Amino acid sequence: MTKKIALLRGINVGGKRKVLMKDLKALFEKLGYTDVVTYIQSGNVIFDSNSSLGTIQIASKIEKAIFKTYNFEVPVVVITANDIKQAVESNPFLNNEAVSNNQLHLTFLQGIPNSEYLVKIASYPTGSDQFIIKNRVIYLCCQDKYHKSKLSNNFFETKLKVSATTRNWKTVLKLLELSR
């Protein structure tokens with residue numbers, strides 16, 4: 001069994017695309033996943049999988065099941081427990097004493113962006129906010145609140161042509177803890 005984490009984007013926000021966590025847990029169990037645990041209402045699901053499918057294929061399977069059940073689309077990014085562990089350990093902003101934990105966010109990507117897009121995005125003006133891309137993770141340091149930043153999921157999806165979803169540092173650490 002391999003521990004995985006599904007990060008659902010845009011559920012239970014502003015009363016739209018409502019999904020109860022107990023129902024989401026049941027949906028994952030119906031898909032054959034075990035030891036399913038949800039964390040907060042924003043759509044974080046930790047589960048065990050013995051599937052030979054890769055994370056992108058598992059995400060697609062989950063997206064289809066959500067659409068079939070709820071009749072709306074929800075982008076899903078699936079990562080492994082090891083992926084989140086490496087992401088936490090590799091955060092380049094942690095060594096900066098001027099950065100507080102509430103400024104940190106991680107954007108998880110569905111796949112590795114094309115190098116052409118990575119070159120273009122590197123020169124994009126971001127104001128006082130900063131980002132560093134490593135493989136399928138974008139490390140964000142937002143000087144103000146994340147929702148005020150230009151560095152949104154839509155920004156990265158448009159520039160990198162890959163699905164993205166963001167979690168704050170506190171949530172990332174909790175997901176790491178729950179996935180052990």
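## Helices α4 and α5

In this predicted model, the axes of helix α4 (residues 115-122) and helix α5 (residues 153-160) come within 9 Å and cross at roughly 125°, the axes being lines fitted to C-alpha atoms over the stretch in contact, with angles running from 0 to 180 degrees between N-to-C directions. The two helices α4 and α5 are therefore oblique to each other, given that angles under 35 degrees count as roughly parallel, over 145 as roughly antiparallel, 65 to 115 as roughly perpendicular and the rest as oblique. On the α4 side the contact (heavy atoms within 4.5 Å) is made by Y117, L118 and I121, and on the α5 side by F155, F156, K159 and L160. By class, this contact has 6 nonpolar residues, 1 charged residue and no polar ones, where Ala, Val, Leu, Ile, Met, Phe, Trp, Tyr, Cys and Pro count as nonpolar, Asp, Glu, Lys and Arg as charged, and the others, Gly among them, as polar.

Helices (H or I, at least four residues) and strands (E, at least two) are DSSP runs, numbered from the N terminus. Residues are numbered from 1 along each chain as its sequence is written, and side-chain values use heavy atoms, with hydrogens and water left out. Local features need pLDDT of at least 70 and side-chain atom pairs count only at pLDDT 80 or more, whereas totals for chains, interfaces and linings use all residues.

## The buried side of α5

N153, F155, F156 and L160 of α5 are buried, that is, under 20% relative accessible area, with exposed meaning over 50% and partly exposed in between (1.4 Å probe, protein chains only). They cover an arc of only 165° around the axis, which puts them on the same side of α5; the arc is that of the directions from the helix axis to the C-beta atoms. These buried residues pack against β5, α4, β6 (130-134), β7 (137-141) and β8. Just after α5, K161 takes a positive phi of about 60°.

## Helix α6

In helix α6 (residues 169-178), the buried residues are W169, T171, V172, L175 and L176. Seen down the axis of α6, they fall within an arc of 160°, so they line one face of the helix. Their packing partners are β1 (2-8), β2 (34-39), β3 (44-49), α3 (81-89), β5 (104-109) and β8 (164-168).

## Positive phi in loops

N71, in the loop between α2 (55-70) and β4 (76-80), has a positive phi of about 65° although it is not a glycine, and at 60% relative accessibility N71 counts as exposed.
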